[in-house]
Amino acid sequence: MSQLPIPSIPDLGTKGDTITIFAGPCSVESSEQFDEVASCISDLGLTWIRGGAFKPRTNPHSFQGLGEEALRIMKDAGAKYGLKTLTEVMDSAHCELVHSYVDGLQVGARNFQNFSLLKKIGEVTADSHKPVLYKRGFAGTVAEWLAACDYITDQGNDNVILCERGIRTFETATRFTLDIATVPVVHKQSLFPICIDVSHPAGQRDLVPALAYAAVASGADSIMIEVHPNPPAALSDGPQQLTPAQFEILVSNLREIAAVFGKKIV
């Protein structure tokens, strides 16, 4: 009796051979703080630094960011260390300002379906084609996420990176539940690259490495990791941020794992 051929299963984790790290503090707090993280990232041979200039906070009395001062700090550090910069845009009124300072714009989870903001970002970046890192909302489905991308791309910029940052479920052991399956799903259903934010779903720095390892193994195109020189003194999200020394060890381990899949960390 002849055996039926075994059908092959497509590999949905091989969009490219590089994995980009977007690293930096949750909030830009001072030039000294940001410079220390930028130096670490540059020394590791990475290419991007991220930081919050305008901070969407649940509590209106929490630190709201330094605004344009933070953008200037980011631009100066990027030029000094040869790094590209990424920050979140919260308001349509800030789009041109943010675009003039940084190399990439981020849409946060709270603005997941802020369609006027998405359209404005698409318009502002239509000529420059600067990357737009678009985070999934707390309760957004993949279908809703992919559909909303058109609000950006229809304005002329198709340079969109989807970012899974964890969704809200009944589980309380972690800050959010990381939906790692979105990596192959997004690769299957779209042409967009996908980033995994490993800091926000973890909520605790000791959980960050395991989630980062999973991101590499799942085929993520990029990973976002929060790094702060002194996490206990951070003005936002201190418990989930790594120190530069911890980040250095993690990057070393990620490079070993990436090599198994024929990829490199950049």
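This is a predicted model: local features need pLDDT of at least 70, side-chain atom pairs count only at pLDDT 80 or more; totals for chains, interfaces and linings use all residues.
1. Asn111 sits in the loop that runs between β4 (104-107) and α4. Leaving aside residues up to four places away in sequence, Asn111 touches Glu88, Val89, Met90, Leu117 and Leu118.

2. Most residues other than glycine have a negative phi. His129 is not a glycine, yet its phi is positive, at about 55°. You will find His129 in the loop between α4 (115-124) and β5 (132-135). Asp237 belongs to the loop between β8 (222-226) and α10 (244-260).

3. Are these two residues buried or exposed, or something in between? His129 is partly exposed, because its relative accessible area is 35%. Asp237 counts as buried, because its relative accessibility is 18%; the cut-off for buried is under 20%.

4. Now to a pair of helices. Two packed helices are described by the angle between their axes and the distance between the axes. Here the axes of helix α1 (residues 31-43) and helix α2 (residues 68-81) come within 10 Å and cross at roughly 30°. The crossing of α1 and α2 is right-handed. On the α1 side, the contact is made by Ser31, Phe34, Asp35, Ala38, Ser39 and Ser42. On the α2 side, Ile73, Met74, Ala77, Lys80 and Tyr81 take part. By type, the residues of this contact divide into six nonpolar, three polar and two charged.

5. Helix α9 (residues 208-218) deserves a careful look as well. Which of its residues are buried? They are Val208, Ala212, Ala215, Val216 and Ser218. The buried residues of α9 pack against β1, α7 (182-189), β7 (194-197), α8 (199-202), β8 and α10. Just after α9 comes Gly219, with a positive phi of about 100°.

6. Staying with α9, turn to Tyr213, which lies in this helix. Tyr213 is partly exposed, because its relative accessible area is 28%. Not counting residues up to four places away in sequence, Tyr213 touches Leu250, Asn253, Leu254 and Ile257. Tyr213 and Gly203 are 10 residues apart along the chain, and their C-alpha atoms are separated by 16 Å.

7. Last, the second largest pocket. Rolling a probe the size of a water molecule over the atoms shows where empty space is left. The second largest pocket has a volume of about 190 Å³. Its lining is made by Lys15, Gly16, Thr18, Thr20, Phe22, Trp48, Ile161, Pro193, Asp221 and Ser222. Which element gives the largest share of this lining? Strand β1 (residues 18-24) does, with three residues. The lining residues divide into four nonpolar, four polar and two charged.

Definitions and conventions. Residues are numbered from 1 along each chain as its sequence is written. Side-chain values use heavy atoms; hydrogens and water are left out. On a 1 Å grid over the protein atoms alone, a cavity is a set of points where a 1.4 Å probe fits but cannot get out, and a pocket is an open set with protein on both sides within 12 Å along at least five of seven lines; lining residues have an atom within 4 Å of a point. Grid points are joined across faces, edges and corners, and a volume is the space filled by probe spheres set on the points. Helices (H or I, at least four residues) and strands (E, at least two) are DSSP runs, numbered from the N terminus. Ala, Val, Leu, Ile, Met, Phe, Trp, Tyr, Cys and Pro count as nonpolar, Asp, Glu, Lys and Arg as charged, and the others, Gly among them, as polar. Axes are lines fitted to C-alpha atoms, for helices over the stretch in contact, and angles run from 0 to 180 degrees between N-to-C directions. A crossing is left-handed if the near helix is turned anticlockwise from the far one by less than a right angle, and right-handed if clockwise. Contact means heavy atoms within 4.5 Å. Buried means under 20% relative accessible area, exposed over 50%, partly exposed in between (1.4 Å probe, protein chains only).
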